Amino acid sequence: METANPCPSLKPKDYKSGTKPVWCPGCGDYSVLLAITKAMAEMNLSPENVALVSGIGCSSRLPAYLNVYGFHAVHGRALPVATGLKVSRPDLTVLAAGGDGDGFSIGGNHFMHACRRNVDMTYIVMDNQVYGMTKGQASPTTDPDWDNSKLTPGGTKINPYYPLVVALASGANFIARASSTDPNGAAKVLVDAMRHPGFSFVHMLSPCVTFRPEQKDWKKMVRQAPVEPTTDPAVAAKRLMTDDNFFLGTLYKGDRPAYQPELKATVDNISDLDKGFIL
Amino acid sequence: MNDSTSLSSTNSKGAPHSLSIALLGSGGSGVMTAGGQLLDAAGQAGWYGMMTRSSGPQIRGGEAAALLRLSPQPVETHKGRFDILLAIDWLNADRFVGEIILDEKSIVIGDNGGTVPEAISNMGGRYVELPLSELAKSISGGRPNMVALGALAQLIGLPINALEVVLTKSLKKKGQEAIDASISGIRAGADQASEIPDIPDLKVTPSPGRERWSITGNEAAGLGAIRGGVRFVAAYPITPGTEILEWLAPNLKKVGGVLVQAEDELASINQLIGGSFGGTPSLTATSGPGLALMTESIGLAVASETPVVVVDVMRGGPSTGIPTKSEQSDLNIALYGLHGDAPHIVVAPMSIGDCLFTTQWATHLAETLQTASIVLSDQSLGQTRALIDKPADISFVSGGRSITSKAESFQRYAVNDSGVSPMSIPGMPGCQYTADGLEHSPTGTPSSRAEDHIQQLNKRKRKLDLFDYGDHWAKVSGDGETAVLTWGSSTGPVSEAISMLEAEGKHVRLISMRLLLPIQPERLVAALNGVEKILVVEQCHGAQFYHYLRAHYDLPGQMRSMAVPGPLMIRPDDVYSEVKAWENA
Ligand SMILES: Cc1ncc(C[n+]2csc(CCOP(=O)(O)OP(=O)(O)O)c2C)c(N)n1
Ligand code: SF4
Ligand SMILES: [Mg+2]
């Protein structure tokens, strides 16, 4: 394989593919895309050594808009695709991205196990507390009394899911929140996440202006968490359990070693394996 | 098909000269260990053979049987009828009635003072008692299963020293004391057995110069995967596919690969897609329920043109079905289970040894054609151990991942004549693309345009249709106006039935299809040239193979379906009788 000459200084726009996004004007996902390209430029990553995997949803359309290797998989399965890629190609920088429905509902089991397995990758969930792509149904993070979906008249009456708490309990090695309303701050968090070994989870607030227009107010509600990232899971647990969903920044940094089996042959020739069968 | 066992005959003309032995006992009695050692010793002595483990639904304990068939010639199926039944004890032995058929020529051996269940004694056979536990007790560390092993070896004329070689090797870790106890056990058993009169004679033609392998279909599939280049496996355990994974985990490690135990089958198939996207040939093994969970993402592999291999070791279905028994009833889901128009490869090994070749070939096809390959093995192939000749060393030249450096005009889904587009892997500069399950243009950009859809659909179909599968598509042998058309594990009993018919001077053609998708109409029609009667044999209640043939092939003459569900194996006698019955109808 040809090795790339890392370009001395790539700009955020160098990470864009030029394909025009399908998103609604004003959708938070535009700024997430911007933040990702800023973070990659900040780290001066060679685009060919980065892969971003997504599921299905408005947010999951992201890979096509980047100039890195991408995989637009099926609904809910971004994490296993990313896991297989990173485990077999540890040389790559691997990211996974998607929505709250993709990551916490249909893909919820993978989220838990990806946190637990702790493969070195960064997972960005663009949370708009709604299923945008299927035109506005409740998601696992939707408030119980949100009643704008025909599927759940009167609201879901079910408490929302707390992804950061689940991430901590499941063993994620890095937990942060960022917001598309602050792309520069989000880029910083993403750099932090990508640099941290193991599974990094970034809860990215990203308003759906079409089905949750009230989320435009998130801009006014988000604020920097007045704390330093903790390495103590007990402190983190308290912090995340009392969190109001609008504190931004890196909230937890663990020190568990990443899961990465060694890929080194111990036999010279595969015919060595025949020996086990010869009588 | 007649469902009674009375059709069974002791007809063996034309079939390999062989001895069938059933070794029975309750959990912990060590029948599987003894059976495995008997098989290995037979291999040492230059014989061929096979051993199937049969047990009930209990996880541990319960009644278990080691079913062996030994022969100077290669054997690929059980006969159903057994020459010797040896029971270490008779607890719940009646549940094997139907699976173990005896007749007046069979020898039934039990421990002194035991009571043979009526269901077994009713079948006939000469009953002999041996003091199995008494002899075992007289030896320090002695066990009845070793006494039984010695008795069996003596009865069938297997040199005791071949057994000693095997025991010494397999008990090395347990130390000299254990070896001595076992050897004393087999000697004691052998001495007793010499007393039994009128032992049937097994003529042995040892060929010691030949390298003999002892392998199960599941192990063979694992080796085929590694030979095919597989270096990444993600999987979730399920009977009867798990042994493929158990074999692969340590062996992949040796060759620089890795097996990840995933959280479920949704994860395993998607991890493969990730591994393969990264440039590493990737495979998983499962059984029907797991295949059902994977289907959405197998479609993603097809649409995104990401090579993956899924080995389905079939068991009785639907739902959890009969997990420990074989059936060929996942054919429909493998052929038709993907949503949308999703052309892919479906292949089936036709013998235990062929699990190696077929899995290797499936990997080659997936890689070369950038698609999903499904391998339909089954419990009877996967979990049966066979003594086979050293398999041929075959290597294919895979050409799927064709991009090695930056191409100015790189289009991942370029529409071309072969239908196989250039594929880059992450790390190659200038060739970044997004693999997509959404319909896309040649560059990979999502598109819902009719023109892109038809072009990509055609391309994904064309690459499979234009490929030259050569002679590997099927095994075709014999001539005559009657043909038996079959696939997978039914090939063993069908072949033997045809040998029996041939011994009577009848000519019957055998066609066993290894390649089930894409369909091969011209090849099959050519293979059936001149045929007037086609018997379609499969282990499946719904006659899925028969209906597949009716749907896709223009076949000559009359057709008849012999579709028998599991859990009982199709026996050569059953197929023989079916052909005869049709002839005389
Ligand atoms: C197996 C499957 N079920 C359902 C769908 C339909 N579907 C597409 S996207 C989506 C929800 C997307 O919500 P989210 O992940 O929050 O992404 P958003 O659109 O809000 O960014 C659903 C239910 C699908 N594509 N696949
Ligand atoms: S529907 Fe909502 S989430 Fe989807 S693109 Fe429009 S604004 Fe964004
Ligand atoms: Mg959403």
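# A short tour of chains A and B

Thr286(B) sits in strand S10 of chain B, which covers residues 282-286. This is a predicted model, so please read what follows as a description of that model.

**Around Thr286(B)**

- Thr286(B) is buried because its relative accessible area is 0%, and the cut-off for a buried residue is under 20%.
- Leaving aside residues up to four places away in sequence, Thr286(B) touches Ile238(B), Gly241(B), Glu265(B), Leu291(B) and Met294(B), as well as Val310(B), Val311(B), Asp312(B) and Val313(B).

**A helix pair in chain B**

- Helix H5 of chain B spans residues 160-170 and helix H6 of chain B spans residues 176-193; their axes come within 10 Å and cross at roughly 160°.
- The crossing in which H5(B) passes H6(B) is right-handed.
- On the H5(B) side, the contact is made by Ile160(B), Leu163(B), Glu164(B), Leu167(B) and Thr168(B).
- H6(B) contributes Ile179(B), Ser182(B), Ile183(B), Ile186(B), Arg187(B) and Ala190(B) to that contact.
- As background, an α-helix has 3.6 residues a turn, so residues three or four places apart point the same way.

**Domains of chain B**

- The domain assignment divides chain B into domain 1 (7-194), domain 2 (214-389), domain 3 (402-467) and domain 4 (470-584).
- The centres of domain 1 and domain 4 of chain B, taken over C-alpha atoms, are separated by 33 Å.
- These two domains of chain B are also in contact, with 17 residues of domain 1 meeting 15 residues of domain 4.

**Two mostly covered helices in chain A**

- Helix H2 of chain A (residues 78-88) is mostly covered, with 11 of its 11 residues buried.
- The buried residues of H2(A) include Pro80(A), Thr83(A), Gly84(A), Lys86(A) and Ser88(A).
- Helix H4 of chain A (residues 108-117) is mostly covered too, and seven of its 10 residues are buried.
- Those buried residues of H4(A) are Gly108(A), His110(A), Phe111(A), His113(A), Ala114(A), Cys115(A) and Arg117(A).
- After H4(A) comes Asn118(A), which has a positive phi, near 65°.

Methods. Residues numbered from 1 in each chain as written. Chains lettered and ligands numbered in written order. Predicted model: local features only at pLDDT ≥ 70, side-chain atom pairs only at ≥ 80, totals over all residues. Heavy atoms only, no water. Axes fitted to C-alpha atoms, helices over the stretch in contact; angles between N-to-C directions. Helix = DSSP H or I, 4+ residues; strand = E, 2+ residues; numbered from the N terminus. Left-handed = near helix turned anticlockwise from the far one by under 90°. Contact = heavy atoms within 4.5 Å. Buried < 20%, exposed > 50% of the residue type's maximum accessible area, 1.4 Å probe, protein only. Domains from an automatic or database assignment.
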